[in-house]
Amino acid sequence: MRLDFTLNGAVLSLDIDPGLRLIDLLRDVLDMTGTKEGCGEGECGACTIILDGVAVDSCMVMAMQVRGREVLTVEGLEQKGELDELQRAFIDSGAIQCGYCTPGMLMSAKALLMRTPEPTEHEIRSAMAGNLCRCTGYLKIIQAVQKASQMQSAHHA
Amino acid sequence: MPAAGLKYIGKSIPIHDVREKATGALRYAGDLKLHGVLHAKLVLSEIAHGRVKHLDLEQALAVPGVVGIYTYRDAPDHPYNSHQWLEGMEVQKDELIFTDHVRFHGDRIAAVVAETREASERAARLVHVEYDELPAVIDPEAAGLLNATPIHASGNHIVHKRIACGDAESRMRDADLVIEDRIETPKVHHAAMETHGCIAEVDAQGTITVRTPCQVIFQVQLIVSQALGLPMDKVRVLKTTLGGSFGGKGQPILEPVAAFLALKVGKPVRLVLDRTETILSTRTRTKAIGRVRTGVDRKGRIVAREIHMLVDTGAYCTNGEVIPMAMGKKSFRLYQIQDQIFEADVVYTNTPVAGACRGYGSPQICAVTEINLDHAARALGMDPVEFRMRNLVHPYNADPAGGPSIGNARIRDCVTKGSDLFQWREKSARPKGGGRIARGIGMACCTHGNGYYGGFPDFITVDLRLTPDGAVVIKGAFHDLGCGTVMTMMQIAAEVLDLDPSSILIPDADTLVCPFDSAGTQASRVTYVCGGAVHQAAGELKRKLLESAATLLAEPISGLRLEQGYVIGSSGRASYQEIAQYAQRQLRSDLCVNLLYQSPGNPASYGAHFAEVEVDRITGRVRVLDYVAVHDVGQAINTGFVEGQIQGSVQMGLGMALMEELTFDARGRVTSSRFSRYTVPNAPEMPNVRVALIEEGEESGPFGAKSIGEIATVPVAPAIINAINDALGTRISVMPATPERIVAAIQDV
Ligand code: FES
Ligand code: FES
């Protein structure tokens, strides 16, 4: 079946199997393996991507559902060789250990900062509630989101 | 910040592959795309115990794209024990690649190999298995009974272990009070975010290459060769980036299976499990039921203690014979108890297989003994901190059970510092709250080891080389699980050689490339043992570098020093690059070192954790309000990593204390085999953790460092349970303390 959508700013037109989940389209068909699978049932957030500005679990979305819509994945965060503020803040804060949850965490955080540029700690924790990390205990991740938010406001001030 | 007088040690430098992780560019095993790869899907037992009566493959074989289905009829009959890491170790070899006597829900019966993942999954669902179901033994206390159905031909009782010192029996009679408990710790899923998976391929010469997220490449090589009956040099193992392990990827589980399938089909085979398969059919934390009797005198001194641990290793033995000793040893190295008996019995049950899990038995024994000690303090009417301070070890106390020196043991400093930071005194004076919400505080102390010294051979060989372009390459079987092992080694070498860590390369572990390491990334040995090796080898390399520089600069070695990639003399300087090139051209020599490092000891690491909780008496819900963790680490090599290990450990311990547990139905089938049924703590549930370090140096460790990654998980659950018991006046003794259990315990008070 024909699928047209925007992926990380590029317009794609593909012929796909209608039974495909979005995560499989990204990972298997397009070989964009930054998006991870940790549970396949919407419980871990490793597969989080941003769909029209909202963080969603790509294991719970069929590929056909993104027709005509805009998808942002971890691969789209870096712009012209420049890391996104969130990526830099994750690196500087020690928020990355094994890194398996990182792409999903980044995308949930990105969606949060897109709608709430200066979130409270409580808002950060709630926005990340669907993203499991088994390594860090979340604290450095929360700090990283706070730091990125500060970097952004400094930037825009 | 680096430690005083040091440039790189103590500094919080990000993990070596952080940029690739942040961009999503790094490939984990499941992300690798090998040309012509086939996909495997396991057929797992749906029942807890039984015999496969009939296997109907017809429909499955008809699925387009299926290449083959391989079962217990095809797999080699070479039993192995996946926990074995050295050739010749005595182990119970009770595992096979596939079996028709299924011993737990998730046991491997067969595998489908197909051209696509979808085809392999569809076909696996169409394999019809008929069983002769046998009674399942789920309760470890029933496993050893005479009427219990035997799980293995040898019976269900595997081994009895004992460690003792002094005369606990008669000293117990002198005690003013004897406090008894029965405490249960759960079977827990490791829950690394990356599920288990690996890829195996066979080349024209018949050499199998396995790419796998593992903790010990040489162990994978050994087990694959045993399971397939192949010489070890026919198996090459490459470690892939690990998406977390916590011990769960410590034992080769899928590697022999994938290697077998690759041999059968002659093509690369990818075997990647989903979450449910990972929960069911990999490894779990060992469940334990501890019975403990502690005799104390009125002054608050422990006069004698008797501990019995019933250890449930699940359906296969794996490390079942070793883990009780790991538990037992800890109980002689934390408090000054001269008269003590530790005993353990290990049993099989028809439940998922236990293995290594962060702390290797220490969290279990710590929960049993530390909860009991709080009961003792309460019975004596004594403050739990004060009571512990009367009994904790001092630096260099002898281990009464004859274990290696505990070294510069700084547990007392941890407790003192932690109590201050936590404001223990102030908090204990606060009212508990008599209404719906109760508040309480609790603490626990812990100890853990630094490697295998004293128990098993512990050594590593490493190669260091200064390349003619001035970089240093370190080859050793290092496996970064995400904890920062590689950067830790880089920082140690960087400090000795005064070279920026970015000029140091450590390739991923590979059996063909790396010199031998006896035990891999396990047993809390990496910083202390492997770091010790890198420290010493870098010192050797420095000596060679200075020797060559002395000739080049025509100056005596004594006047030379290293600075930021240069050797500086009184009359001139030379870069490492120039010296390495000079050595090759003029001295016909290469600046390299091959070093065998034998672990010099096994000092104990220590920690003290403090928790404040709020409990809702009606719903049984617990919220951790404040948390302080203080650890005696000798010296942090990378302070950020140490904090990260501690914070992550608190999260894992919080899960064990309050919510994580594999649960079973009456027939022994796992009822918590997905994340929607198996809850791990998420960001809103995580308390803020205040971390403090005691850095008094351990003489035999590199720059004074000792272990942190495992020990930080050890005291979490008892600290939290003690806080709950403090809040409610309960005697909660079964973990996790779920809301239902808490409500029941309140009713029992
Ligand atoms: S893989 Fe999608 S939520 Fe876990
Ligand atoms: S860094 Fe390992 S799961 Fe988050």
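How many salt bridges are there between domain 1 of chain B and domain 3 of chain B? The count is zero, where a salt bridge is a side-chain nitrogen of Lys or Arg within 4 Å of a carboxyl oxygen of Asp or Glu. The model is predicted, with local features needing pLDDT of at least 70, side-chain atom pairs counting only at pLDDT 80 or more, and totals for chains, interfaces and linings using all residues. Residues are numbered from 1 along each chain as its sequence is written, chains are lettered from A and ligands numbered from 1 in the order in which they are written, and side-chain values use heavy atoms, with hydrogens and water left out.

Chain B is split into domain 1 (18-24 + 454-598), domain 2 (32-134 + 196-272) and domain 3 (287-450 + 603-748), with bounds that come from an automatic or database domain assignment. Taken over C-alpha atoms, the centres of domain 1 and domain 3 of chain B sit 38 Å apart. Their contact (heavy atoms within 4.5 Å) draws 21 residues from domain 1 of chain B and 19 residues from domain 3 of chain B. The pair buries about 1,500 Å², 65% of it on carbon and sulfur atoms; buried area here is the accessible area (1.4 Å probe) that two parts lose on being put together, summed over both. Four residue pairs, both at pLDDT 80 or more, are in polar contact between domain 1 and domain 3 of chain B. A polar contact is a pair of N or O atoms within 3.5 Å; within protein, one must be able to donate a hydrogen and the other to accept it, and residues adjacent in sequence count only if both atoms are side-chain atoms. On the domain 1 side, helix 14 (485-497) and helix 15 (526-553) of chain B each supply at least two residues; helices are DSSP runs (H or I, at least four residues) and strands likewise (E, at least two), numbered from the N terminus.

Now for the two chains. Here 51 residues of chain B are in contact with 43 residues of chain A, and the area buried is about 3,900 Å², with carbon and sulfur atoms giving 51%. In chain B, Ala22(B), Met193(B) and Ala683(B) lose the most area to chain A, together 16% of what that side buries. Across this interface the rule finds ten salt bridges, and 33 residue pairs are in polar contact. Helix 1 (18-23) and helix 17 (639-658) of chain B each give two or more residues to the side that touches chain A, and helix 17 gives the most, with eight residues. The side chains of Lys36(A) and Asp31(B) meet in a salt bridge (2.5 Å, N to O).

Gln97(A) is in the loop between helix 2 (85-93) and helix 3 (102-115) of chain A. Gln97(A) counts as buried because its relative accessibility is 10%, buried being under 20% relative accessible area, exposed over 50% and partly exposed in between (1.4 Å probe, protein chains only). A polar atom of the Gln97(A) side chain lies 3.2 Å from the backbone oxygen of Gly644(B), while a polar contact of 3.4 Å joins the side chains of Gln97(A) and Gln645(B). Leaving aside neighbours within four places in sequence, the contacts of Gln97(A) also include Cys135(A), Ile15(B) and Lys21(B).

Helix 1 (residues 22-29) of chain A is mostly covered, with six of its eight residues buried.
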